[in-house]
Amino acid sequence: MTTPRTTAPFGRALCAMITPFTDSGELDLDGAQQLAERLVADGCDGLVLSGTTGESPTTTDAEKSALVRSVAEAVGDRAVVVAGVGSSDTRHTVELALEAEKAGADGLLVVTPYYSRPPQDSLEEHFREIADASGLPLMLYDIPGRTGTRIEPETMLRLAEHPRIAAVKDCAYDLLGTQKVLARTDLAYYTGCEEFILPLYAVGGAGYVSTVANAVPHHLRGILDAYDAGDTAGAALRQQRAIPLIELMMASGLPGTVTAKALLGALGLPAGPVRAPLRPAGREATDGLVAAYERLTTA
């Protein structure tokens, strides 16, 4: 029997897509289109561009707009394009949101302002101002381990009242707090932590926004598909089988951007170098990623 599913405004299976660069470090729009086509063909309902995985701290505003325009053109109406527009500056975030809307984005990913650590009332006003500025739905990105500030559940409850705040990318590692919000709002919760794909989905989450999906989109979508089909044991098995690759890509001490680009490059897919201050993965790390990928995809 299929489990009732909460509304998923951006689809269920979203990839936090890398931003391909040429060997000289320039934006590779052809590579981005090729990668986007592959990801959608292999089961991604949506592509999240210019998040941390997409190296947003080191891409220009013009590059961000060009990337949205190019990927939206490549995937058409076959997938949703969500543009990362978050920054520590509310005014700049609004500008990025309006540019993303003009470039063809279907939604916006807005991370909590980082480093400045605004109090909850300021945080709430920040998100509301961005939601008021454009006609696109927002996915709030709650990742206190990187930003230094949590979107507290009570703040999330108030923000859920805004008609354009539709979803959350949840990296707060607080399943209790998440369930409190799920129980009292229509917010669609997407885990940004691959080890929580099945756990969050099982308690009413909408799906995931995944860096690991750059490499194995079909396998991760299979977790959700198995659960929806009533095969909970199969869903659990697929989740468990993915853990070695998830751990190497997301918990090895290297940023997910670095590991994703290393693996995609080794597989002959569009990736290119990372931009400084990031540095490429070494040979040993890359070999380990490839071996874990092959074990997962050939089992």
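1. A residue counts as buried when its relative accessible area is under 20%, as exposed when that area is over 50%, and as partly exposed in between. By this criterion Ser 65, with a relative accessible area of 12%, is buried. The coordinates discussed in this note are those of a predicted model, and every value below was computed from that model.

2. Ser 65 is found in helix 2. Leaving aside neighbours within four places in sequence, Ser 65 is in contact with Glu 99 and Ala 103. Glu 95 has its place in helix 3, which spans residues 90-103. Glu 95 has a relative accessible area of 43% and is therefore partly exposed. The C-alpha atom of Glu 95 is separated by 9.8 Å from that of Ser 134, although the two residues are 39 positions apart along the chain.

3. The packing of helix 11 against helix 12 deserves a separate point. Helix 11 comprises residues 256-266 and helix 12 comprises residues 283-298; their axes come within 9 Å and cross at roughly 70 degrees. Because of that angle, helix 11 is roughly perpendicular to helix 12. The crossing in which helix 11 passes helix 12 is right-handed. On the side of helix 11, the contact is made by Thr 259, Ala 262, Leu 263 and Ala 266, and on the side of helix 12 by Thr 286, Leu 289, Val 290 and Tyr 293. Of the residues in this contact between helix 11 and helix 12, six are nonpolar, two are polar and none is charged.

4. Helix 12 also packs against helix 10 (residues 232-250), with axes that come within 9 Å and cross at roughly 160 degrees. Helix 10 and helix 12 are therefore roughly antiparallel to each other, since angles over 145 degrees are placed in that class. The crossing of helix 10 and helix 12 is left-handed. Helix 10 contributes Arg 241, Ala 242, Leu 245, Leu 248 and Met 249 to the contact, while helix 12 contributes Gly 288, Leu 289, Ala 292, Tyr 293 and Leu 296. The residues of the contact of helix 10 with helix 12 divide into eight nonpolar, one polar and one charged.

5. At 17% relative accessibility, Tyr 293 counts as buried. Leaving aside neighbours within four places in sequence, Tyr 293 is in contact with Ala 215, Val 216, Leu 245, Leu 263 and Leu 267.

6. The loop between helix 11 and helix 12 contains Pro 277. The peptide bond that joins Ala 276 and Pro 277 is cis, with omega at about 15 degrees. A reader examining the backbone may wish to view this bond together with the helix pair of point 3.

7. Which value does phi take at Glu 55? Phi of Glu 55 is near 60 degrees, a positive value in a residue other than glycine. Glu 55 lies in the loop between strand 2 (46-49) and helix 2 (61-75). Is Glu 55 buried or exposed? Its relative accessibility is 2%, so Glu 55 counts as buried.

8. A positive phi is also found at Tyr 173, again in a residue other than glycine, with a value near 55 degrees. Tyr 173 has its place in the loop between strand 6 (165-170) and helix 7 (175-184). With a relative accessible area of 54%, Tyr 173 is exposed.

9. The structure holds zero disulfides. Cys 15 is in no disulfide, and the nearest cysteine sulfur, that of Cys 44, is 4.9 Å away. Cys 15 is buried, with a relative accessible area of 0%. Cys 44 is likewise buried, with a relative accessible area of 3%.

Terms used
Residues numbered from 1 in each chain as written. Predicted model: local features only at pLDDT ≥ 70, side-chain atom pairs only at ≥ 80, totals over all residues. Heavy atoms only, no water. Axes fitted to C-alpha atoms, helices over the stretch in contact; angles between N-to-C directions. Helix = DSSP H or I, 4+ residues; strand = E, 2+ residues; numbered from the N terminus. Parallel < 35°, antiparallel > 145°, perpendicular 65-115°, else oblique. Left-handed = near helix turned anticlockwise from the far one by under 90°. Contact = heavy atoms within 4.5 Å. Nonpolar A, V, L, I, M, F, W, Y, C, P; charged D, E, K, R; others polar. Buried < 20%, exposed > 50% of the residue type's maximum accessible area, 1.4 Å probe, protein only. Disulfide = S-S within 2.5 Å.
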